[in-house]
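Please read the following briefing alongside the sequence and the three-dimensional model.

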Amino acid sequence: MADTYLNNLLGEILVEALLTIAIIVLITMLFGLLPNPLVLFGYLLLILPLGSMWRDYLIWSNRKFIVSTRRVIQISGVFSKNVTDSSLEKVNDVKMGQSFLGRLLDYGDIEILTASELGANLFRRIGRPIRFKTAMLNAKERLETGQASGGKRQELDVPALIAQLDGLRKQGVLTEEEFQKKKAELLTKL
């Protein structure tokens with residue numbers, strides 16, 4: 001899966017790599033003209049683009065985009081984790097955008113428009129966006145046609161699910177309001 005995001009990483013560090021090369025060339029050209037302390041300062045300037053490239057690498061290596069049979073998930077964060085997910089059932093539309101550089105390096109932005117409270121999830125600079133969008137829409141279609149569960153639409157055991165929800169309510173995992181809302185949803189499926 002790492003190669004999926006390689007193009008994204010290359011696009012993000014291109015500017016830092018060019019800046020690093022420019023600083024090295026400039027220091028090399030001016031090496032004979034400047035006193036030694038100024039040359040040392042020039043080499044210290046390399047810390048900025050190299051540090052920025054390291055930061056970009058850490059961000060890139062800790063970002064994952066996942067399409068499951070029921071959800072679309074984005075996981076990111078270096079020190080702390082942020083998880084954004086959308087239920088495939090609530091996905092209304094998917095928008096994709098690619099810049100010129102994004103088309104060359106095969107990355108782009110995916111915006112998932114949902115019927116949930118969030119409204120939209122934006123996945124920025126995702127590698128192979130057309131492939132991701134196609135996989136997500138195919139998973140949504142399989143979910144809607146009942147193929148996500150092995151080709152057969154599973155019948156819900158509504159009373160058992162309500163009993164499980166009641167157990168969660170008694171444990172304090174669900175509030176009374178959440179329990180009643182979910183119970184009403186399940187009763188409509190009878």
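The notes below cover strands, salt bridges, a surface patch and some single residues.

This is a predicted model, in which local features need pLDDT of at least 70 and side-chain atom pairs count only at pLDDT 80 or more, while totals for chains, interfaces and linings use all residues. Residues are numbered from 1 along each chain as its sequence is written, and side-chain values use heavy atoms, with hydrogens and water left out. Helices (H or I, at least four residues) and strands (E, at least two) are DSSP runs numbered from the N terminus.

**Strands and the helix across them**

- Three strands form an open sheet in the order S4-S5-S6, with antiparallel pairing; two strands are said to pair if DSSP finds at least two bridges between them.
- S4 and S6 stand at the edges with a single partner strand each, so one side of each is left without a neighbour in the sheet.
- Neighbouring strands of this sheet are turned by 20° against each other on average, direction ignored.
- Within the sheet, S4 and S5 pair in the antiparallel sense over six bridges, and Gly-97 has Asp-109 in S5 as its bridge partner.
- Helix H5 lies across S4, S5 and S6 and runs at about 170° to S4, where axes are lines fitted to C-alpha atoms (for helices over the stretch in contact) and angles run from 0 to 180 degrees between N-to-C directions.
- Strand S2 (residues 71-76) and strand S3 (residues 82-87) run antiparallel and are joined by six bridges, and the bridge partner of Arg-71 in S3 is Ser-87.
- The hairpin of S2 and S3 has five residues between the strands, and in this hairpin Gly-77 takes a positive phi near 125°.

**Salt bridges**

- Eight salt bridges are found in a search of the whole structure, a salt bridge being a side-chain nitrogen of Lys or Arg within 4 Å of a carboxyl oxygen of Asp or Glu.
- One of them joins the side chains of Glu-111 and Lys-95 at 3.6 Å, N to O; the pair links distant parts of the chain, with Glu-111 in strand S5 (residues 107-114) and Lys-95 in strand S4 (residues 91-97), 16 residues apart.
- Glu-111 is partly exposed at a relative accessible area of 24%, and Lys-95 is likewise partly exposed, at 43%; here buried means under 20% relative accessible area, exposed over 50%, and partly exposed in between (1.4 Å probe, protein chains only).
- The side chains of Lys-170 and Asp-166 meet in a salt bridge of 3.2 Å, N to O, and both residues lie in helix H6 (residues 158-171), four residues apart, which is about one turn of the helix.
- Lys-170 counts as exposed at 63% relative accessibility, whereas Asp-166 is buried at 18%.
- A network of salt bridges links Asp-166, Arg-169, Lys-170 and Glu-176.
- Arg-55 and Asp-56 also meet through their side chains in a salt bridge (3.0 Å, N to O); Arg-55 is partly exposed at 48% relative accessibility, while Asp-56 is buried at 7%.

**Nonpolar surface patch**

- Leu-14, Leu-18, Phe-100, Leu-101 and Leu-104 make a nonpolar surface patch of about 530 Å².
- Patches are made of residues with over 30% relative accessible area and no salt bridge, like charges being joined within 9 Å and nonpolar side chains (Val, Leu, Ile, Met, Phe, Trp, Tyr) within 5 Å; accessible areas come from the Shrake-Rupley method with a 1.4 Å probe, and for residues only the protein chains shown count as cover.
- Helix H1 (6-30) and helix H4 (100-105) each supply at least two residues of the patch, and the largest share, three residues, comes from H4.
- Phe-100 is found in H4 and counts as exposed at 67% relative accessibility.

**Individual residues**

- Thr-20 is found in helix H1 and is buried, with a relative accessible area of 9%.
- Not counting residues up to four places away in sequence, Thr-20 touches Leu-46, Pro-49, Leu-50 and Met-53, contact meaning heavy atoms within 4.5 Å.
- Arg-128 has a positive phi of about 50° although it is not a glycine; Arg-128 is placed in the loop between strand S6 (120-127) and helix H5 (129-145), and it counts as partly exposed at 26% relative accessibility.
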